[in-house]
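Subject: Structure handover

Hello,

Please find the structure below. My notes on it follow.

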Amino acid sequence: MGRLLLVWRLIARDLRRRPGEAVVFLLAVTVAGASLTLGLASDDAVATGYAKTREATAGPDVVAVTTAADPTAVARRIADTPGVAAQSDPVFAFDTYVEAHGRKAHSSVEGRDGSPAVVDRPLVTSGTWVRPGGAVLERGFARALGVHVGDRVTIGTRDYPVVGTAISAATSVYPWSDAAQGPGPSDFGGRIWLTTADTRTAAKDTDAAGVHLIHLKLTDPAATQRWQKSVFTPDRRGDAWVNTHNWQGILQTDSAMIRNSRPALVVGGSLLAVAAVVTLAALATVRSARDNRRAALLKAVGAGPATVTAVLLAQYLLLTLLATALGLTVGTLTAPHVVDPSAGLLNTLGPPDANTVTAALLLAVLVAATGALGPPCAPPAPVPSTPWPTRRTCSHVTRT
């Protein structure tokens, strides 16, 4: 009988005789693998989602907000500032309260035209982009209000049909999406896009003064703070009030949304992993006597150390690899619902990366080896084929 056939028959016999142990082992390792995957996924989920959204929407490096009466002149001065690679035309926006389904919510309203901007091109996720008389809501804001394409939203004294939803990296996700607030304290809020003409009409209806937003791309996106402090100086801004926000601050705000939930994920995952290890240790203790007896029998019939190790390790390794695959799958499917901060970003998670898979496989090998070794020492059961007594030993028989 070949070694592989022997090992397979012994594994099949154990699984038929003791299916409960196999199921408990499988569940314990699956829980440990899922906890590991979930913990690793939460580390950079928001940064990954924001980077994807920035790339898909030509997100700005810096957003300049000004109350200047002549925003075009401010835009020209900004364009002449060293380090500016590209910028969009000034976007008129104002801060107000909107109403949908009988609920009022704070929001900015931004005016856009049908042609895409050079910087900050919101990505439509449902419906269409703005058209005269129609409104597009930021996707996270729309979900918070329970608004879908075809519903209506009231701005000032007018109702606008919702023609689409979109996402953008120019502001933080809802409820920190309102970038149209001028000097003074800022409140939370959402984001709505109308045509430029509809935005100015709505601003008159609400008596809002409004601001202008200028979206910028820099030659060095990592040097936004240096540009804001040492390059974009007051003499370049002029006398008008101009405030700036950079993409790093937007990402930091987005990350803060899951900051409170991350400790729970880490602690919860660690407790689940510890519970899994305790379960595996208990199973190893239960199996130790049987495994020692099997090792003694195999040695008695002439099996070498390699065969004995393979027989004891194979079942644990097969079950652990299966459980690891299940754990990776469960963790990957669960993570987007746990660590996503908002519908305002593209999907933050995908298939497990190489680091996660490697860590899970290392866990699988460690668990399999631990299960096969069992407790450090246990008395073997009597071996019928050996007439001599045996000493107290772990996994081998010694003549006296």
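Ser115 belongs to the loop between S4 and S5. Its C-alpha is 9.9 Å from that of Trp129, and the two residues are 14 apart in sequence.

Before the rest, the conventions. This is a predicted model, in which local features need pLDDT of at least 70 and side-chain atom pairs count only at pLDDT 80 or more, while totals for chains, interfaces and linings use all residues. Residues are numbered from 1 along each chain as its sequence is written, and side-chain values use heavy atoms, with hydrogens and water left out.

Overall

The chain has 400 residues, of which 45% count as buried. Its secondary structure comes to 12 helices and 11 strands, where helices (H or I, at least four residues) and strands (E, at least two) are DSSP runs numbered from the N terminus. The accessible surface is about 19,500 Å², and 60% of that belongs to carbon and sulfur atoms; areas come from the Shrake-Rupley method with a 1.4 Å probe, and for residues only the protein chains shown count as cover. Among contacts with a separation of 6 or more, 79% are between residues 24 or more positions apart, a contact being heavy atoms within 4.5 Å.

Salt bridges

The count of salt bridges is 6, taking one as a side-chain nitrogen of Lys or Arg within 4 Å of a carboxyl oxygen of Asp or Glu. Three of them deserve a description here.

Glu110 pairs with Arg112 at 3.6 Å, N to O. Glu110 is buried at 0% relative accessibility, and Arg112 is buried as well, at 7%. Arg191 also forms a salt bridge with Glu110, at 2.7 Å, N to O. Arg191 lies in strand S9 (residues 190-195) and Glu110 in strand S4 (residues 103-112), so this pair ties together parts that are 81 residues apart in sequence. Both Arg191 and Glu110 are buried.

Arg191 has a further salt bridge, to Asp120, at 3.3 Å, N to O. This pair also links distant parts of the chain, with Arg191 in strand S9 and Asp120 in the loop between S4 and strand S5 (123-127), 71 residues apart. Through shared partners, the salt bridges join Glu110, Arg112, Asp120 and Arg191 into one network.

Asp120 is buried, with a relative accessible area of 0%. Its phi is near 65 degrees, a positive value in a residue other than glycine.

Val136

Val136 sits in strand S6 (residues 135-138) and is buried at 0% relative accessibility. Leaving aside neighbours within four places in sequence, its contacts include Trp129, Val163, Arg191 and Trp193. Val136 and Glu110 are 26 residues apart in sequence and 9.9 Å apart in space, C-alpha to C-alpha.

Other backbone points

Most residues other than glycine have a negative phi, and most peptide bonds are trans. Asp207 is not a glycine, yet has a positive phi of about 60 degrees. Asp207 lies in the loop between helix H6 (196-206) and strand S10 (211-218) and is exposed, at 72% relative accessible area. A cis peptide bond joins Tyr174 and Pro175, with omega about 15 degrees. Pro175 is in the loop between strand S8 (158-167) and S9.

Largest pocket

The largest pocket holds about 480 Å³ of space. A pocket here is an open set of points on a 1 Å grid over the protein atoms alone, where a 1.4 Å probe fits, with protein on both sides within 12 Å along at least five of seven lines; lining residues have an atom within 4 Å of a point. Grid points are joined across faces, edges and corners, and the volume is the space filled by probe spheres set on them. Its lining has 23 residues, with Ser172, Trp176, Asp178, Ala179 and His245 nearest the centre. Strand S11 (242-246) and helix H9 (247-256) each supply at least two residues of that lining.

Surface patch

Leu5, Trp8 and Leu318 make up a nonpolar surface patch with about 330 Å² of accessible area together. Patches are made of residues with over 30% relative accessible area and no salt bridge, with like charges joined within 9 Å and nonpolar side chains (Val, Leu, Ile, Met, Phe, Trp, Tyr) within 5 Å. Trp8 is in helix H1 (residues 3-17) and is exposed, at 53% relative accessible area.

Regards

Note on methods: Buried means under 20% relative accessible area, exposed over 50%, partly exposed in between (1.4 Å probe, protein chains only).
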